[in-house]
Amino acid sequence: MKHTSTIEVQHVSKRYTDDLEVSPALDDVSVTIQHNEFFTLLGPSGCGKTTLLRSIAGFEQVTSGDIRIGGQRVNDLPPFKRRVNTVFQNYALFPHMSVAENIAFGLEMQGLDRGAIPGRVKEMLALVQMEHLAKRRPAELSGGQQQRVALARALAPKPDVLLLDEPLSALDLKLRKEMQVELKRVQQEAGITFIFVTHDQEEALTLSDRIAVMSSGKILQVGSPNEIYERPQHRFVAHFIGDINFLPGNLRQCPQNGSLFQPEGLPVEIPCNLGERANSGKMQLAFRPERSKLVEPSQPHHLRGVIEAVLYVGTATLYQCRLPNDAKVMLRESNEGGSSARAVGSQVAVHLPPHACLLMEA
Ligand code: ATP
């Protein structure tokens with residue numbers, strides 16, 4: 001039996017125009033979102049995140065494919081008949097109503113028994129820790145407080161799923177961080193599914209149970225924050241989530257030493273831990289700056305280079321390093337123990353442990 005809040009998006013495409021020259025806003029998207037997940041749609045501007053969210057909410061008609069909620073096909077259901085609710089970027093609070101009246105509004109619309117409304121409003125105010133401000137108007141609240149009211153109002157009718165479109169983007173960085181913690185707490189306390197849209201990779205990594213990374217109307221990869229960061233399956237995903245280096249080159253299989261990668265134009269072969277999926281031929285080696293180790297003395301399988309720039313970032317130092325083939329890579333060394341920075345112009349050897357090596361199609 002499917003949970004009533006399971007969302008299935010099946011081969012959904014969305015075109016806003018009949019002009020086939022214009023690529024679709026959603027291009028054959030399929031994904032299943034489970035009950036109680038904090039699920040994030042992440043991608044750059046214009047990749048289709050909002051369109052997907054609005055299609056689930058029922059504000060957009062999809063061109064093809066199906067959307068199911070709790071197993072029921074909802075393509076033809078209007079928004080108010082789907083058990084989902086939306087929190088918009090600009091909060092959309094009613095300016096002439098108090099905080100409590102704003103929260104009650106959706107309950108009245110829903111036709112909840114009048115006697116039950118004050119109790120539910122109180123419960124929602126407590127959930128977002130706004131009891132003391134129940135009588136204020138939206139204009140008398142800070143951005144973070146308005147965000148809490150919007151959240152309480154959307155949760156009051158007890159939807160199965162809450163859709164949130166960049167709800168924190170109007171807040172300054174410090175408040176944004178506080179509200180991230182709040183959102184996660186509220187989602188867990190309310191025990192419902194959140195589908196959250198953001199273009200901020202750090203926010204997505206911090207909050208989500210799973211992330212779908214989107215580009216040009218497609219979902220490229222779905223996974224836990226750890227899977228998306230540690231095992232990106234596309235160059236785009238690797239690049240969008242954090243810093244990463246790419247070296248084109250050639251992979252060969254060696255019976256004694258496993259998979260060996262030779263970066264183009266460099267006289268080294270780097271052992272890679274590839275397990276089952278051993279391919280050969282032209283590939284790209286990718287590695288995160290913090291997974292490389294600056295070492296001495298150098299071994300034959302170490303990359304060698306010259307430090308060109310030093311960036312101190314508090315907990316770590318970043319080095320831009322030029323390799324003999326003129327490729328540049330970023331390396332990161334922790335400043336734990338107060339180690340002193342390496343100088344510009346110094347020679348370094350770089351060890352890439354096999355588990356740090358990701359291989360992608362060239
Ligand atoms: P952002 O982060 O900037 O909000 P997004 O990832 O949410 O972007 P969408 O708003 O879903 O992207 O837009 C996807 C594509 O569809 C874009 O190319 C956009 O220009 C186009 N688009 C969105 N809404 C409409 C519309 N009402 N009419 C025509 N084209 C649209």
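Visitor: To start, how many helices and strands does the secondary structure of the protein come to?
Guide: This is a predicted model. Its secondary structure consists of eight helices and 20 strands.

Visitor: What box do the C-alpha atoms fill?
Guide: Along the principal axes, the C-alpha atoms occupy a box of roughly 80 × 50 × 40 Å.

Visitor: And which domains does the domain assignment give?
Guide: Domain 1 covers 7–238, and domain 2 covers 243–361. Their C-alpha centres are 39 Å apart.

Visitor: What share of the residues is buried?
Guide: Of the 362 residues in the protein, 34% are buried. As for contacts with a separation of 6 or more, 65% of them join residues 24 or more positions apart.

Visitor: Changing topic: which residues are around the ligand?
Guide: The run Gly43, Ser45, Gly46, Cys47, Gly48, Lys49, Thr50 and Thr51 belongs to the list, together with Tyr16, Ala25 and His199.

Visitor: How does that shell divide by class?
Guide: The shell around the ligand contains seven polar residues, three nonpolar residues and one charged residue.

Visitor: Now the sheet with β3 in it. In what order do the strands run?
Guide: The order is β6-β7-β8-β3-β9-β10, which is an open sheet of six strands with mixed pairing. At its edges are β6 (84–87) and β10 (218–223), each of which pairs on one side only. With direction ignored, neighbouring strands of this sheet are turned by 20 degrees against each other on average.

Visitor: Parallel or antiparallel for β9 and β10?
Guide: Strand β9 (residues 210–215) and β10 run antiparallel and are joined by five bridges. Across this pair, Ile211 stands opposite Gly223 in β10.

Visitor: Which backbone value stands out at Asn36, which is not a glycine?
Guide: Asn36 has a positive phi of about 75 degrees. The residue sits in the loop between β2 (26–33) and β3 (38–42).

Visitor: Why does Asn36 count as partly exposed?
Guide: Asn36 is classed that way because it has 18 C-beta neighbours inside 10 Å, while a buried residue would need 20 or more and an exposed one 12 or fewer.

Visitor: What about phi of Gln129?
Guide: Gln129 is a residue other than glycine, and its phi is also positive, near 55 degrees. Its place is in the loop between α3 (117–127) and α4 (143–155). With 14 other C-beta atoms within 10 Å, Gln129 is therefore partly exposed.

Conventions. Residues numbered from 1 in each chain as written. Predicted model: local features only at pLDDT ≥ 70, side-chain atom pairs only at ≥ 80, totals over all residues. Near = placed C-beta within 6 Å. Nonpolar A, V, L, I, M, F, W, Y, C, P; charged D, E, K, R; others polar. Helix = DSSP H or I, 4+ residues; strand = E, 2+ residues; numbered from the N terminus. Contact = placed C-beta atoms within 7 Å. Domains from an automatic or database assignment. Pairing = 2+ DSSP bridges. Axes fitted to C-alpha atoms, helices over the stretch in contact; angles between N-to-C directions.
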